[in-house]
Amino acid sequence: RIAAGDGSLDSAKRKIERDGLERNFEFLLPIENIYEEVNKADVVGLFSFYEGLPNSVCEGMVNSKVVISSDVSDVKSLVGDSFVFNPKEPSELARILSEILALSDEEL
């Protein structure tokens with residue numbers, strides 16, 4: 001989720017279009033049935049440079065989902081450090097995504 005009021009949504013959309021990645025991203029309006037949406041996913045991800053208490057991480061945990069997250073706030077104390085990455089190091093995220101893609105359904 002991106003806060004639309006601070007210009008970050010428009011900035012993100014411009015970067016996505018610039019890099020030809022429109023098919024890889026879908027921006028959704030805020031929803032009330034977050035648990036239903038989280039349960040449709042195999043993995044919940046938080047990709048951020050700054051956070052308070054990250055709701056998406058908590059929502060993923062409550063729904064027993066694998067959580068990947070940039071190393072912000074207290075994420076490591078919530079989920080450990082297995083799938084936590086430095087947001088300034090894309091190679092760390094790539095490594096984690098490769099590991100997750102290699103997991104079986106049971107391991108997920």
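Predicted model: local features only at pLDDT ≥ 70, side-chain atom pairs only at ≥ 80, totals over all residues.
Three strands form an open sheet in the order S1-S2-S3, and their pairing is parallel. Which strands sit at the edges? Those are S1 and S3, the latter covering residues 84-85, and each of the two pairs on one side only. Looking at S1 and S2, we find 4 bridges between them, again in the parallel sense. If you'd like a spot to look for on screen, find Leu 46: its bridge partner is Ser 69, in S2.

Helices come next. H5, residues 90-101, packs on this sheet and touches S1, S2 and S3. The direction of H5 makes about 175 degrees with that of S2. H3 lies across S1 and S2, and runs at about 165 degrees to S1.

Now let's zoom in on H3 itself, which spans residues 55-62. Which of its residues are buried? They are Ser 56, Val 57, Glu 59 and Gly 60. Viewed down the helix axis, the buried residues of H3 fall within an arc of 165 degrees, so they line one face of the helix.

One last stop: after H3 comes Ser 64, which has a positive phi, near 55 degrees.

Notes
Residues numbered from 1 in each chain as written. Heavy atoms only, no water. Buried < 20%, exposed > 50% of the residue type's maximum accessible area, 1.4 Å probe, protein only. Arc of directions from axis to C-beta. Pairing = 2+ DSSP bridges. Contact = heavy atoms within 4.5 Å. Axes fitted to C-alpha atoms, helices over the stretch in contact; angles between N-to-C directions.
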